[in-house]
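Here is a briefing on one protein chain.

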Amino acid sequence: MRTWKLLTPLLALGLAWGQALPRLGFLEAARAAQAHLRSPTPPEEISLSWREGRPVYGVDLARGAHLVQVYVDGESGEVLGQKPLKERALGARAWLRTPPGIPLKEAVARAQKALGTGEAPAEVAYQVWRGRPVLRVDIGARQAILDAKTGALLGTGPAGR
């Protein structure tokens, strides 16, 4: 009986995590986007979302004064397309140079706990927020912001802020 009580939360997490975890990590997707644009500039944001259950990264890279978002398949690393963004590039203060310090699965579990839900995330974004690298996990209409190095909860609020 004790074993079942320990396994139940893990089983719930596995069922809630309906989307497939990507084979590629955040910076592997960024390298594919950089090669596609022939741009050595580090990314300013890397977001992960799911299209029809398949993981797709959106990698924001500077091209001149503005950003271009390059879409990378999270399984194959294939570049799926790109689009120019209206946002201006922020430069070195916003660059992501190292991978997050916590695994994606752990970040999602911490966000679910903080938000009191077992729902799967709609998006996980790796970005610089208030001068520090964070993982912003959007679940439903809410989001949790985690320190990307330690996984510490920095705040919660409405999704997309």
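**Largest pocket**

Strand 4 gives the most to the lining of the largest pocket, with 3 residues. The model is predicted: local features need pLDDT of at least 70, side-chain atom pairs count only at pLDDT 80 or more, and totals for chains, interfaces and linings use all residues. Residues are numbered from 1 along each chain as its sequence is written, and side-chain values use heavy atoms, with hydrogens and water left out.

**Pocket lining**

- The largest pocket holds about 240 Å³ of space.
- A pocket is an open set of points on a 1 Å grid over the protein atoms alone, where a 1.4 Å probe fits, with protein on both sides within 12 Å along at least five of seven lines; lining residues have an atom within 4 Å of a point.
- Its lining has 13 residues, and Glu44, Glu45, Asp60, Leu67 and Leu90 lie nearest the centre.
- At least two lining residues come from each of strand 3 (66–73), strand 4 (79–88) and strand 5 (123–129).
- By class, the lining has 5 nonpolar, 2 polar and 6 charged residues.

**Fold**

- The protein chain has 3 helices and 8 strands (DSSP runs: H or I, at least four residues; E, at least two; numbered from the N terminus).
- Their order along the sequence is α-α-β-β-β-β-α-β-β-β-β.

**Burial and surface**

- Of the 161 residues, 43% count as buried (under 20% relative accessible area, 1.4 Å probe, protein chains only).
- The accessible surface of the protein chain is about 8,800 Å² (Shrake-Rupley method, 1.4 Å probe).
- Carbon and sulfur atoms hold 55% of that surface.

Note on methods:
Buried < 20%, exposed > 50% of the residue type's maximum accessible area, 1.4 Å probe, protein only. Points joined across faces, edges and corners; volume = space filled by probe spheres on them. Nonpolar A, V, L, I, M, F, W, Y, C, P; charged D, E, K, R; others polar.
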